[in-house]
Amino acid sequence: MKIRKISQTDFMDISRIQRECYSEDLLESVGSFSAKLSANSDFSFIAVQNEMFVGYVMALPWIYGELLDLDGVDYSVPVDADSLCIHDIAVSRKARNAGAAKYLLNAVLESAKSRGYRQLFLVAVQGASSYWKRQGFEAVQVSEELKHHLSAYGEGAEYMTRTYE
């Protein structure tokens, strides 16, 4: 398994993996992927196994307690970003038992640590909170305003965080 940073030429493969993993209402456009990568490419990686793209993660420095818009096309990293938001991680069914998700998550964690981010957060969708709990994340109570924004991520979406010492 090879992990490397995402480039602008990877979006068609990312879209393919995304369609395998998410329901229609959670799919994001190539324009949205491009906007996130243009805002900051330091924390977004793709997994390659046997010359095939099998997974990806997109993450951005962000402010804890806020969310990135789902399928947005205009992202700017806030100057007061205090955390790293793992916006999206998806792995093809063919590679789920090969450790692709763990490799991708480790790449993000190492990049976050090396750049001084001690808190990560994400939105667990489609019942994935149990997976994230096994990775050291915990669900947190959110404000009514944030609950409203979470609704765009589907029923049962949970805001989760992980902190380092």
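Visitor: Which residues lie nearest the centre of the largest pocket, and how many line it?

Guide: Rolling a probe the size of a water molecule over the atoms shows where empty space is left. Here the largest pocket is lined by 30 residues, with Y22, I89, V125, A128 and W132 nearest its centre; a pocket is an open set of points on a 1 Å grid over the protein atoms alone, where a 1.4 Å probe fits and protein lies on both sides within 12 Å along at least five of seven lines, and lining residues have an atom within 4 Å of a point. This is a predicted model, in which local features need pLDDT of at least 70 and side-chain atom pairs count only at pLDDT 80 or more, while totals for chains, interfaces and linings use all residues. Residues are numbered from 1 along each chain as its sequence is written, and side-chain values use heavy atoms, without hydrogens and water.

Visitor: Which element gives the largest share of that lining?

Guide: Strand β4 does, with 7 residues (strands are DSSP runs of E, at least two residues, and helices runs of H or I, at least four, numbered from the N terminus).

Visitor: How do the strands pair, and what is their order in the sheet?

Guide: Strands of a sheet pair through backbone hydrogen bonds, either parallel or antiparallel. In this model an open sheet of 7 strands, with mixed pairing, has the order β1-β2-β3-β4-β5-β7-β6, where pairing requires at least two DSSP bridges between two strands. The edge strands, β1 (2–5) and β6 (138–139), each pair on one side only. Strand β6 pairs with β7 (residues 158–163) in the antiparallel sense over 2 bridges, and A139 has M160 of β7 as its bridge partner.
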